Every structure is written in C-alpha cells, then in structure tokens.
Amino acid sequence: MRLISLEIMNFRVIKSSKIEFPDKVIAIVGKNGSGKSSIIEAISWALYGNQAARSGKDEIKSTFASEAENCEVKVQFYINEEKFTVIRRLVGRSNRAEVELFRSGKSESVGVNETKAHVGQLLGLDWRGFLSSFLARQSELNALSDLVPSKRKDHIAGMLGIERLDKAIQSVKQDTKLYKEKTQFLERSLSEKDSIEKAINELQSKLQKIEVEIEPQNENFKNTQKEFEVFKERFEDYSERKIKFIKAESEIKAQKGTLELLQNQLEQLQIEKSKLSEQQLVLKELQLKQEEFKDIPVKLEQFKRQQSNKKFVDNLKSQNTAILQKVEQNRKTVENLNLNLEELEKKDLSFPTNLSENILKQKSLLEDKRSQFSALKTENKRLVTDIEKLRIQQLNIEELKSNSVCERCHRPLGDDFESIKKHIEDEILLLEQKLNSKTKDQNIVLLEGEKLKKSTEQLELLQKEQLLLKQQIETTQKELLRFQHLAKEFLAQKEEISKKSEEIGEVDFDENEFEQISNKFKQFELNRNEINKYQGQLERLPVLLENINTTNSKIISTQKVLNNETENQVEIGYSEEEFKKITLHYNQAQKKLEDSKNRLFEIQKEKELTSLSLLEKQKQQDIFKKSEIEFEESKTAHYYGEKLSSLFSLYRSDLIASIRPTLADISSRLFNEMTGNKYALVELDEKYELRVMDNGQFYGVERFSGGEKDLANLCLRLAISLSLAESAGLNRSFIILDEVFGSQDLERKDLILTALANLKNRFPQIILITHIEDIKDGVEQVLEVRQNDLGFSEVVVHGA
C-alpha cells in the first residue's frame, strides 16, 4: 500500500489542506500541539472511522467550523498499482457519518459498516493491525524497553496479530468446556430413566381409580343443586319484598322531612309578611314629611349659581390687580433697556471704522518681516559654515607649511604657500565683516517684527471687544422687543377682565341663608334615601304572598304522598323474623351445594393433575430418548475439541518460534546500518528480550546507552512492520515513525536517516513526525505544520 494524496477539511486543528505523498523520505515537522499527528489520524479515520482516530465524532470535527459545515477527509492510495479512494464525512449539525470507497474511480462500497469491512478485506488488516503495520510511536518503543518480560512478549504478540489466534484457541477451549459440562449433565440425567418409567405405571393405575369414583359424585351434585334452587327461589322472593319495604320506609321518612321543612318555610314567610306591613306605615309618614322639603333643591341650586358668580367676580378683581402690577413692572424694565441700549450704541461709535482692514495690513507686514528674518538667518548660517571651512583649511596649511596640498588640484603649495595663506585670511576677514553686517540687519528685522506682532495683537484684542459689544447690543434689542410685546398682551388681558366684569355686574349673595338651605337639603336627602329603602323592601310583598300560597299547596300535596306511602308499606307484607328463617334455610342449602361441588371439583382436579403428570412423565421419557443421542454427540465433540485445542497451542508455539528468528534477522541488519557497522547482530530470546552482540558476546539492551537502547527497539519495531506488511500481501508500503529521534545525538540521527533511506526498496514512503528542526536537512521533502493568526493549522510543503 502506497499513499497518493490526502485532502483534509475541518478535521481537528486543520481547516483545509491538500497533501501529495511522493516516494520519498518525508518529514512532518512543527511545534508540539500544532497538529502534526492530526495528518496521520486523518488517514486512519478515513479508512477505519472513529476507533482509529481514538476519539468520538464530536472531538473530530474542527472547533473552528460552523455547525452547518462538514468535516471531510479524502485519502487516495495504491494497492498493487491499483488506485483506491476513500472519502469519509461528518455531515451537518448532527455530525452524521458518511463514507464511500472507490476503485479506479468507480464506487465499490457505501456506508460505514460495509466500507469498514471492505477496507479490512482489501488491506488484510483491522484498524489495530493497520496502526501496528504502518505507524511506530515513541510510546511503543518505550513499552518495548520498559515492560517486564511476560508483558513485553504479550505486547509484541499483540502487535503481530497473534492475539487473534489466541482468541481462536480460547474460543475452542470454551466450546470444549461446554461440551464436557453438557456430557456430564446428560449422563446424570439419564440415570433417572428407570424411576420415570415406574412413575408412569403408578400414574396410569391412579387414573383408573379416579374414573370409577367420579360418576357417583357427579350424580350427588345434581340432586343437591335441585334442592338448592327451591330454597333460592323463596329467598330471592322475600329479598325483593325486603327491598320494597325498605324503599317505602325511606320514602315515608323523606316525605316527613319535606313536610316539616315546608311548615318551617311557611312560618318564616308569615313573619316576613308581618314586618312588611309595619314598613308600609313608616313609609307613609316619611312621604308626608318629604312634602315639606319639595322646594329646597330648587332654592339650593339658585344659591349655588349666585355663589359661583360671586367667586368669579372676586377672581377677576384679583387678576386685574396682578395685571396692573405686571404692567408697571414691565414699563420700568423697558425704560432701563432703552437707557442701556443708548450707552452701548455710543460706546460702539468710539471704535475705528476700518479696524479689520488695519489688522490685515499689519499681518501682511508681519509676514514680510518673518520672511526677511528667515532669509537673513539662512544667509548667516551659510557664512558661519564657509568661515569654519576656511579656518580648517588655514590650520591644515599652517601645519604642513609649503608641503601642504591644494584641495582642488592636490599639488603641493610650494612657494605659493604665503600668498595662498594671505588670500585665505583676507577671505575670512571679508566673510566675518559680511556676517556682522547681516547679523545687525537680522536683529533690526527681529525688533521691527516684534513691534508689528504686538501692534497686531492689540488690534485683534480691540476687534474682539467690538464684536462682544455688538452682541450685547443685539441681545438688548431682542429683550426690548420682548418686553414691548408683553406690555401689549397685559393691556389686552386688562380689557378682557373689564369686559367680563361689566357682563356679570354686581352679585347679591347671603352666606348664612345659603348654609340654612344646605342643611335643609341634607335632611331632604336623608328622607329620600329612607323612602327608597322602604319602597325597595315593599316590592317583595307580592312575591311573598305568592310564596305563601305556593308553600300551602306543597304542604297539602306532601301530606297526601305520605299517606299513600304508608298504605303501600302495609300492603307489602314483610316480616323480619320470617326473612331470617328463610335466609337460614337458604344458607344451609348453599353450603351443602358448595361442599358437593368442591368434592366433585377435587376429584376432577385430581384427575386433571394426574393426567398432566402422566403426560409430563411421558414427555420426559421422550426427552431421555433424545438425550441418549445428544450424549453420544456431545461426548464425541468434547473429544475432538480437546484435540483441536492442543493442535492450536502447538501451532501458536511453532508460529512464535518461527517469527522470532525472522524479526531478529531484520533487526540485526537495520541496527548494523544505523550504528555505522558498530553492532552486527541482534537476537530475541524466548522472552522476546533484545540482546545485542558486542565484541563477540550477546548482552541485554539495558547494558547500552539510552540512545542505543531506543535505536535497537526502533529496529525491532520496523522489523515487526515489515513482517506484518508482508503477511498482509503489502510488500511495498509506507511507514510512519512518530517522534523516534528523541534520545539520539546528531551523528546517530544521520545514521538513522541514511538507514531509513536504504529501506526504500521495502518502504517507498517513509514519513517521520518530529518537532526536531535538524531533521529537515536530512530528508527529501518537508511538510511543515504551523498555526496561523486565526488559531487553526496550515500545512506548508518544502522541497517538493
């Protein structure tokens, strides 16, 4: 089996990646936790599902993916140069599993279980066998080193798939044990055969005796039943009379209760009628008294209108007084505002008319002075620089005298030294004079600029004062207009009040007389409420009279029903003593019938049970005949099961014995290459402990360094993978080594890489998972796994 490509989408920490697998030594590198192992787990998961990924489906889908996005892995590979493709997905919010296998582009199986079985059949391996064949982890190498001998042997046997043979042996032993137990059980059961035949004879004899006894008992039961029917008829007749008697007695009691209730109701109605008659007299007195107050509501209403007018007029007077005060206050405010406005306008006239133009001119002059100052400053800097250069040149030629070299033509000055020196001194003097003149000009411009700046600032300050004054004038004018408008409103309100006062005129209202009328009206209200109360109560009088008549009729009717029921009870002709006597005879006949019935039932039940027992014993007799046949079959199966178990155990021992030399031979060749021919031979003893030859003597791996010990276990692990791949018919396959360089030095790592490269005739694709950066230089292709800023991992290919 050789890998072609792997496409990953939303699997663990990898969001999206496509990886090609050439026939090379490939390193998958990256920091711990970056997702290196996720690439290998994606291959295992695509082929075998969640078991091979070592987690549930909820942990497989990337946490960076949304609920609606799918998790998908597509792996392509060759088996004997035939191309296969497996696509596995987790679909939708529920992570529904979907998987499909293609052979040469055509679908060959669909569904989880069907594809899992098909992959196992193609590769000749289940998921454990696949991981043992193609993936070697550092933890497995540690287990090979650290386990006790018995555990190490079992661990290697498990990696080689021998545990499946062990399961078969265990299954045969269990079946053999079951056959043995069954044979022993059948043998014990057959020992009871004679006792069953004896029991059948006894049951047949008992059944004949029951048949003789059952007929007379059946005849006795029929006679007793006829006698019981006579007593039953008499008992049922008298029971019916008793029911009628009790019913009549109950009806009489009910009618008496009804009669008593109706009489009480009639008494209460008569009392209520008497009370209503008294209330009629009281009502007449109240109605006569109410006539005296009939004019009071009209008078009270007139006084209320007068009171309302009086209050309205008083309120108008108060409003008029308040408005007169507001008018006077408003007049004074207007006068103050006019005076204030005159003062502000006079002050505004004192400011220059062309203030803004003067400010602009001053700013323009100031900007000119700034430009002059900047130009003079630049010129002075240039003059200072030129003077410094000339002084340096002067110092240089004075130091070397006539041997000095001209800076332009680079020739010695010679006899021209003095004249050139004089020329430089003159130039320095001229430049210093010019610098002094320019500095004076610069200071003059600076003073003039400061005067202009101060003058401009004063003009700007004056302009701000003028602007503030204009704002005060505008505000005062608005206030004056507002108070003038208020004066007009106050005058309009005063005229409106005067007009309303004239319309109403003078109001004559007597407060004492109003209070007297109000008190009389209260008495009027009390009388009216009493009249309404009594009138409401007297409305019941017609209904009350009708209820009295109805109750009298019901009393007469109930008395009549009571008399009829009393007569009916006498006509029934029931006696409690006679009923007790008849009941006693009935119970005696019923008991006699029950006894006869029970005896007949007992005999019939005994017959039934005896027949069932006989049938059961006959069935047991048939079972014994079958058991004799099963006994012989089970005995034979037990014999051959023990033989098969023994043969399987011998086969297992021969298989392990034959594998051990093969693993030792492959491990020796690999270990020799990886140690630079330092150690030529490796052997596996009966406990599958590794022993390495050193100077002609075999020693346990514990004698060697940690790196050599790990290297020896790596060679053994590679030998196991080679053996498994060959046994599955996968002679040229890939191998994955996960973090196997941990304890090796740089030289040993190079030897391992060289030895692995030499295995390409058996492993065309060798994939190394490591976090060690040095490995990059010793492989043909590098897959670098690294996390991006978004948190998920990306795969970058180097050396493709």
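Which residue's side chain meets that of glutamate 432 in a salt bridge? In this predicted model, the partner is arginine 391, with an N to O distance of 2.0 Å.

Another joins the side chains of aspartate 665 and arginine 669, at 3.6 Å from N to O. Both residues lie in helix H15 (residues 576–674), four residues apart, or about one turn of the helix. In a further salt bridge, the closest N and O atoms of glutamate 683 and arginine 691 are 2.9 Å apart. Shared partners also link Glu72, Arg89, Arg96 and Glu98 into one network of salt bridges.

Helix H10 (residues 296–349) packs with helix H13 (residues 511–538) at an angle of about 140°, their axes being 9 Å apart. The two helices are therefore oblique to each other, and their crossing is left-handed. Among the residues making the contact are Leu300 and Phe303 of H10 and Phe514, Ile517 and Phe521 of H13. By class, the contact comprises eight nonpolar, two polar and five charged residues.

Finally, threonine 551 lies in helix H14 (residues 541–572). Threonine 551 is buried, because its relative accessible area is 7%, under the 20% cut-off. Beyond its neighbours up to four places away in sequence, threonine 551 touches Leu262, Gln265, Leu266 and Leu269.

Conventions:
Residues numbered from 1 in each chain as written. Predicted model: local features only at pLDDT ≥ 70, side-chain atom pairs only at ≥ 80, totals over all residues. Heavy atoms only, no water. Axes fitted to C-alpha atoms, helices over the stretch in contact; angles between N-to-C directions. Parallel < 35°, antiparallel > 145°, perpendicular 65-115°, else oblique. Left-handed = near helix turned anticlockwise from the far one by under 90°. Contact = heavy atoms within 4.5 Å. Nonpolar A, V, L, I, M, F, W, Y, C, P; charged D, E, K, R; others polar. Buried < 20%, exposed > 50% of the residue type's maximum accessible area, 1.4 Å probe, protein only. Salt bridge = Lys/Arg side-chain N within 4 Å of Asp/Glu carboxyl O.
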